[in-house]
Amino acid sequence: MRPMFAAALLALPAIAHAQAPDPAKRAAERALFEKIVEIPTVAGRPAEFKRLTTVLTAEFRKAGMMTTVKDHDNTQTLIARWPAARPSGKKPILLMAHMDVVEAKPSDWKNPPFEFREEGGFYLGRGTSDNKSQLTGIILALQELKRQGFQPTRDMVVLFTGDEETAMHGVRRASTEWRNLIDAEYGLNFDGGGGSVYPDGRPEGWYIQIAEKTYADYKLVATNRGGHSSAPRPDNAIYALATALKAIETHRFEPMINTATRSMYEQVAINDKGQYGELVKQFVADPKDRETADMLESLDPGYTRTRCVATMLSGGHAPNALPQRAEANVNCRIFPGVKIETVRQTLQALSGNDVTVTVDAASTTPETDVSPMRSDIVDAYRAAVATRFPNAPILPFQSAGATDGSYLRAVGIPVYGVGGSWGVVGQKSGAHGLDEKVWIEGFHGQVPITVELLKRLAS
Ligand SMILES: [Zn+2]
């Protein structure tokens with residue numbers, strides 16, 4: 001809870017700093033966004049990715065940048081580079097976003113998902129929020145920097161992947177076989193940050209993602225010689241699997257804290273004077289306190305530890321036969337620093353000898369550490385946001401899901417999820433869901449913020 005006077009003080013500068021929108025500039029920004037949103041870059045439609053990279057290549061050319069387009073795995077990845085005008089010897093900065101969007105079923109949507117429209121202060125359409133607003137924002141910012149005659153002292157490299165929402169082959173290849181094209185001191189992932197502003201114009205804060213959990217699926221399999229169901233025996237594949245799943249249900253992994261979740265919780269403790277805030281304070285004071293961690297998990301799951309949950313189940317082959325096989329999928333979101341194999345061993349110990357636990361290797365994202373907080377990046381981010389929202393706090397966090405950033409962190413390139421745009425507190429973006437939308441002020445407002453951010457980091 002903020003003191004009343006602070007709210008009043010913050011609301012005024014926010015208005016005072018808002019630049020009067022230039023209608024022609026806005027129209028051009030909107031037109032590019034519309035063009036990008038209306039190309040349905042859904043997995044399995046390589047022709048649409050070709051259309052989008054053609055549009056983007058032309059836009060990068062306006063910023064004086066050359067692009068490389070990689071055709072791979074039924075999608076495309078675009079890499080662009082602005083070479084340093086006055087090289088300082090510093091390694092490049094990598095600007096990241098993704099071109100693909102989650103499938104959208106027109107019959108479920110209020111309006112056609114790939115028809116761009118404007119309504120109630122929002123731009124609507126699949127991908128507007130995740131991740132085409134930020135992708136468009138990067139290009140608009142680079143074009144604006146070009147217009148201003150900006151002379152970077154280090155290379156700025158852009159990586160737009162085409163399968164972040166699905167297989168993540170783009171970033172995996174970028175981090176390995178195309179490493180020479182994208183190598184950087186650090187990445188700024190415009191799919192992992194951004195701001196949150198109250199309806200009265202007061203900023204809640206700007207998020208910076210510095211860590212993410214590892215994704216892994218585990219297969220639990222129980223097999224049995226089976227037999228006639230008129231002669232039951234104590235050994236039974238379905239009962240063995242059910243017993244294992246009940247043990248996993250009640251198991252709680254060790255509570256943990258790191259720099260990302262600690263600073264996230266410290267911010268909550270400042271702002272939430274209720275029961276949740278009180279629990280958060282207790283947890284920060286004693287992160288080994290299982291009881292407090294359990295209560296936090298029940299209120300807002302995913303941040304105090306590794307979490308696993310049964311997600312799929314099958315078994316048996318006939319209603320009148322003892323089951324010869326029963327299997328389940330257990331999905332885990334693993335806390336940074338914990339090994340996928342360690343979690344498997346725990347699941348195996350809980351499951352007993354009649355059930356075999358294996359890792360579904362194709363499902364996993366890389367194990368990554370927290371990217372170290374860097375004051376140069378945080379200060380630049382804060383200063384860039386302050387051009388529009390003075391005093392907006394920068395809020396580090398760890399995401400419960402996985403992003404492209406994990407593959408780069410895994411090969412030693414720290415990644416910071418940032419973004420110039422913002423949403424309205426309490427308004428759903430519809431990302432991955434229905435009627436996706438982005439706040440119009442946040443879309444256009446991201447451009448000068450991103451321009452300022454890049455000026456500070458690349459000069
Ligand atoms: Zn995304």
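Which residue lies over the face of F122? K437 does, at 4.5 Å from the ring centre; here a charge counts as over a ring if NZ of Lys or CZ of Arg is within 6 Å of the ring centre and within 35 degrees of the ring normal.

## About the model

This is a predicted model, in which local features need pLDDT of at least 70, side-chain atom pairs count only at pLDDT 80 or more, and totals for chains, interfaces and linings use all residues. Residues are numbered from 1 along each chain as its sequence is written, and side-chain values use heavy atoms, leaving out hydrogens and water.

## Charges over rings

Alongside K437 over F122, have a look at R202, which lies over the face of Y198 at 4.3 Å from the ring centre.

## Aromatic pairs

Rings of Phe, Tyr and Trp (its six-membered ring) pair if their centres lie within 6.5 Å, with planes under 30 degrees apart called stacked, over 60 edge-to-face and the rest tilted. The count comes to 14 aromatic pairs. One of them is F33 with F443, stacked at 4.2 Å centre to centre and 10° between the planes. F33 sits in helix α2 (residues 23-37) and F443 in helix α14 (residues 440-457), so this pair ties together parts 410 residues apart in sequence; helices are DSSP runs of H or I, at least four residues, and strands are runs of E, at least two, numbered from the N terminus. F33 is buried at 0% relative accessible area, and F443 is also buried at 0% (buried means under 20%, with a 1.4 Å probe and protein chains only).

Ring pairs also link F33, F116, Y123 and F443 into a cluster.

How values were computed
Buried < 20%, exposed > 50% of the residue type's maximum accessible area, 1.4 Å probe, protein only.
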